[in-house]
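Student: I would like to go through the labels used for this model. Can we take them one by one?

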Amino acid sequence: MSAGSILVWPDPRLSHACAPVGPVTDEVRALAQQMLKVMYAAKGRGLAAPQIGVMSRLFVMDAGWKDGHAEPRVFVDPVIEAASDATDTGLEGCLSIPGISAEVTRPAEITLRWTDLDGAARRERLTGFHARCAQHEIDHLDGIVTFDRVSAIQRAALLSTYLP
Ligand code: ZN
């Protein structure tokens with residue numbers, strides 16, 4: 001695994017599903033640290049491995065660092081176990097689609113299962129920004145970007161203003 005800077009859509013690597021990470025090795029831990037560094041440098045709150053060209057099911061998230069309470073989190077091989085029927089619509093930006101924000105409707109709450117950096121199985125119910133961000137990043141692991149989550153009309157309108 002190597003990691004460079006952030007890929008920008010329509011880089012084809014952003015449209016491919018990623019492979020499971022499997023056992024958490026020192027290499028995986030190093031990748032996670034590098035991803036957090038790249039995310040903070042880009043002033044983002046979430047980053048998925050394929051966004052730096054690593055096609056592995058891993059993402060990092062820090063919902064609070066911009067408000068002065070950093071909480072870096074790493075999710076290896078995340079799986080959405082359950083999603084609420086209740087949905088929430090909100091604006092989403094993406095470090096790989098600079099300058100674009102799109103209204104995306106998603107389940108308001110999810111139950112997420114993943115492996116942490118100690119290799120331990122974790123499960124947690126996520127709400128609010130955490131739920132939205134995790135779903136956005138897991139989309140990246142499945143080769144799905146914001147443009148794929150809006151209507152054809154919205155997509156055309158957004159693309160007409162997109163200057164990567
Ligand atoms: Zn994104």
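Student: Why is tryptophan 65 called partly exposed?
Tutor: This is a predicted model, and tryptophan 65 has a relative accessibility of 24%. Buried needs under 20% and exposed over 50%. The value for tryptophan 65 lies in between, so the label is partly exposed.

Student: What makes tyrosine 40 and tryptophan 65 an edge-to-face pair?
Tutor: Their ring centres are 5.0 Å apart, and the cut-off for a pair is 6.5 Å. Their planes stand at 75°. Over 60 degrees counts as edge-to-face, so the label holds. Tyrosine 40 sits in helix H1, tryptophan 65 in the loop between strands S2 and S3, 25 residues apart.

Student: Why is the pair of phenylalanine 75 and tryptophan 114 called tilted?
Tutor: The angle between the planes is 55°. Stacked needs under 30 degrees and edge-to-face over 60, so this pair is tilted. Phenylalanine 75 lies in strand S3 and tryptophan 114 in strand S6, so the pair ties together parts 39 residues apart in sequence. Both residues are buried.

Student: How do you know that Cys94, His136 and His140 coordinate the zinc ion?
Tutor: Their donor atoms, SG of Cys94 and NE2 of His136 and His140, lie at 2.0 to 2.2 Å. The cut-off is 2.8 Å, so they count as donors. Their spacing along the chain is C-x41-H-x3-H.

Student: What makes cysteine 94 buried?
Tutor: Its relative accessible area is 10%. That is under 20%, so cysteine 94 is buried. Histidine 136, at 7%, also counts as buried.

Definitions and conventions:
Residues are numbered from 1 along each chain as its sequence is written. This is a predicted model: local features need pLDDT of at least 70, side-chain atom pairs count only at pLDDT 80 or more; totals for chains, interfaces and linings use all residues. Side-chain values use heavy atoms; hydrogens and water are left out. Donors are N, O and S atoms within 2.8 Å of the metal (3.2 Å for Na, K and Ca); water is not among the atoms, so sites may look incomplete. Buried means under 20% relative accessible area, exposed over 50%, partly exposed in between (1.4 Å probe, protein chains only). Rings of Phe, Tyr and Trp (its six-membered ring) pair if their centres lie within 6.5 Å; planes under 30 degrees apart count as stacked, over 60 as edge-to-face and the rest as tilted. Helices (H or I, at least four residues) and strands (E, at least two) are DSSP runs, numbered from the N terminus.
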